[in-house]
Amino acid sequence: AYAPDSRPQPRIAVSAPRGRQRGTALFAYLLLVALTAACGTGAASQDGNRDSAETGAEGVDSQVRTPPRGHAWVVFGSDTVIAEVARTPEERQQGLMYREELAEGQGMLFVFDRAEVRSFWMQNTYIALDIAYMDEGKRIMNILAMEPLSNDLYESTGPALFALEVPQGWFAKMGIGEGDRAEIIFGP
C-alpha cells in the first residue's frame, strides 16, 4: 500500500544500468497484436455474424487490441505485466491490501500526477512483492523487495511518476533491472 505521508528513510544506492540491450516494447506489442490476429481474427459463425470477441462494444471490428478497462500492459522488451491501474488517491492507498494471491505476470501500476520521491509500505498486504519505481521517462530507478505485513517504508531513490508492484522475484526472474525502460499501454 502507498504511504502518502511517510517519514524519510535513508536512500538506497542505485547500481549502474546493465549494458545489455533489450528488444523494443513496440516490437513486443506489434508481435502480440499479430499473434492475436492470427488466432482467428475475422472468423464468422455459420449464420454470418462475427464472433463477439472480434467486435467492440458498439459492434465495430477491433483489429488493435488494448488492455481491459482499468488495466495497463507494462512491457519490458519481450516481458509484459498485466497491471491493474491505481490512479486516484483512494486506489493508490488501497493498493494490493488484503489480497491473498497475485498471479505471475500480473501486478499493480501506481500512476501519480507529478514525479516525487515516493514511499510504500506493506501494512495489511499479505503477498511478498517487488516494487519498481520509474521516473517520467518510464526508466526503472530502483527495485525493492517488500515483505508482507511490514510497516517499514520502501522509498524511491528519486522522483517517481510510476510504481509497479509484482510478485516478489519476478523482475530478477525476467532479467529486468535498474535502468531498463518500460512501454506502458493503458486500457480504456
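This is a predicted model: local features need pLDDT of at least 70, side-chain atom pairs count only at pLDDT 80 or more; totals for chains, interfaces and linings use all residues.
Let me begin with N124, which is partly exposed at a relative accessible area of 25%, where partly exposed lies between buried, under 20% relative accessible area, and exposed, over 50%, with a 1.4 Å probe and protein chains only. N124 has a positive phi of about 60° although it is not a glycine, and it sits in the loop between β4 (119-120) and β5; strands here are DSSP runs of E, at least two residues, and helices are runs of H or I, at least four residues, numbered from the N terminus.

Residues are numbered from 1 along each chain as its sequence is written, and side-chain values use heavy atoms, leaving out hydrogens and water.

Y98 also has a positive phi, of about 70°, without being a glycine, and it is found in the loop between α2 (89-94) and β3.

Turning to the sheet, seven strands form an open, mixed sheet in the order β6-β5-β8-β3-β2-β1-β9, two strands being paired if DSSP finds at least two bridges between them. Because β6 and β9 (183-186) stand at the edges with a single partner strand each, one side of each is left without a neighbour in the sheet. Six bridges join β5 to β6, which run antiparallel, and I131 has L144 in β6 as its bridge partner.

Finally, the largest nonpolar core has 38 residues, a core being buried Ala, Val, Leu, Ile, Met, Phe, Trp, Tyr and Cys residues joined through side-chain atoms within 4.5 Å. β8 gives the most to this core, with six residues.
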